Every structure is written in structure tokens, then in C-alpha cells.
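Let's take a walk through a protein model together. Have a look at the overall fold, and then we'll go through it piece by piece.

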Amino acid sequence: MPEFDTSWHAVPGPKLDSPTCKEKLYTLASLFFASPRIAALADEEVGCPFRQMLDEHEESLITQLLIETAVLIRMKDDLFQQQHGIATDSTKNIVGTLRNPATATAGSPLHLREACNKTIHAKLINFDLVGEPHAHDRYLQPMVHLHGEQRGTKWKAAIDIPKWVEFGYTMFP
């Protein structure tokens, strides 16, 4: 069967649902900012529902939303450049630091677009933890650490989640 053009709009490329994209960013921020509050409700009792909620859902939901928003922000950035012929501010918006190689003593500024790339290609995603790893009242700080490798060189990136959400949100007017 021959290909049939199903474009219903004049602008080429996928149509991104801005409200859904913004909701994902809101949820990502909410998970980090709720972490200390929910952890404060946890107690040392076996089966504490608040600790179970955090242990069973927090990191997996955050990881999923981080990757989803990285893909959406990157797609939106590509589409903007394609449709308007000019770059967005995504290469100016600093959302963290990049150490390349990972063992470098100083990091360089990590802009939003590159943070999307690093998130998409990360081999490992770690979180900033407050408290001991197995304590009932531990919680996450809004900072994510990504590890990966590019052309044989290991890199490490740190993303400041409030900045990620702030600048990511502006991509979806």
C-alpha cells in the first residue's frame, strides 16, 4: 500500500500537546518537593505506608518523567528550529553542570538541550539523598546525577531539577 500523507496541519513534524508536557514537568517538580514531606510522615514501623510509597514509586516515577520530559523538550527544540529557522534559548538556559571526562575536577555549564541529550543517553541515573540510605526518614533533594559514555570517554552530569522544570516549562507556551 502506498504511503498516504495524513498531515492535518500545515506545519511539518509531530504535534506536541503542550498542556500534557507542562503537566509532566509539574509532576516531576511535585515529586521532588513532596519527598521530604512524605518522608517526615514515615516511621520506623515495618510496613509504614508512607515509606512504602516512597520506596516503591518515587525513583521510578521520577526517572520515567525525567526521560519523558527530556524527549519532549528536545523534540520541541528541534521543531522550533525547523519551523522558525532560529534557535531557541535552550542552549543558553543553564540547568546544571557537566564533567567531561567524569573524573574532571571542575564542571562546565550544562544547558537545557545538552541536558536532554545526556538524560536520553545516560547509562545510570542517581539521586541526591538526604539521610542514611536505609533510614525511614530519608528523602530526595531536587538534583539528579547522570552517568554515561560518549566516544569512549565517561561523563557525569548534574541536573538542578527546579531549573530543568523552569526552563523546560517555557518551551511549551
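The accessible surface of the protein chain comes to about 10500 Å², and 55% of that belongs to carbon and sulfur atoms. Areas like this come from the Shrake-Rupley method with a 1.4 Å probe, and for residues only the protein chains shown count as cover. What you're looking at is a predicted model, where local features need pLDDT of at least 70 and side-chain atom pairs count only at pLDDT 80 or more, while totals for chains, interfaces and linings use all residues. Residues are numbered from 1 along each chain as its sequence is written, and side-chain values use heavy atoms, with hydrogens and water left out.

Now for the overall picture. Along the principal axes, the C-alpha atoms of the protein chain fill a box of roughly 60 × 40 × 35 Å. Of the 173 residues in the chain, 32% are buried (buried means under 20% relative accessible area, exposed over 50%, and partly exposed in between, with a 1.4 Å probe and protein chains only). The chain has four helices and five strands, and along the sequence they follow the pattern α-α-β-β-α-β-β-β-α. Helices (H or I, at least four residues) and strands (E, at least two) are DSSP runs, numbered from the N terminus.

In what order do the five strands sit in the sheet? The order is 2-1-5-4-3, in an open sheet with antiparallel pairing. Strand 2 (108–111) and strand 3 (124–130) are the edge strands, each pairing on one side only. From one strand to the next, the twist averages 30°. For angles, axes are lines fitted to C-alpha atoms, for helices over the stretch in contact, and the values run from 0 to 180 degrees between N-to-C directions.

What holds strands side by side? Strands of a sheet pair through backbone hydrogen bonds, either parallel or antiparallel. Here, two strands count as paired if DSSP finds at least two bridges between them. Strand 1 (residues 94–99) pairs with strand 2 over four bridges, and Ile94 has His111 in strand 2 as its bridge partner. Four bridges also join strand 1 to strand 5, with Thr97 opposite Ala158. Strand 4 (residues 139–150) and strand 5 (residues 153–160) pair over eight bridges, and Met143 stands opposite Asp160 in strand 5.

Helix 1 (residues 18–41) packs on the sheet, touching strand 3 and strand 4, and its direction makes about 130° with that of strand 4. Contact here means heavy atoms within 4.5 Å.

How many aromatic pairs does a search of the whole structure find? It finds one. The rings of Phe32 and Phe127 have their centres 6.5 Å apart and their planes at 45°, so this pair is tilted. (Rings of Phe, Tyr and Trp, using its six-membered ring, pair if their centres lie within 6.5 Å; planes under 30 degrees apart are stacked, over 60 edge-to-face, and the rest tilted.) Phe32 is in helix 1 and Phe127 in strand 3, 95 residues apart. Phe32 is buried at a relative accessible area of 1%, and Phe127 is buried at 17%.

Finally, find helix 3 (residues 112–121), where seven of its 10 residues are buried. What covers them includes helix 2 (49–84), strand 1 and helix 4 (161–169). Lys118 is one of the buried residues, and its charged end sits over the ring of Trp155, 4.5 Å from the ring's centre. That label requires NZ of Lys or CZ of Arg within 6 Å of the ring centre and within 35 degrees of the ring normal.
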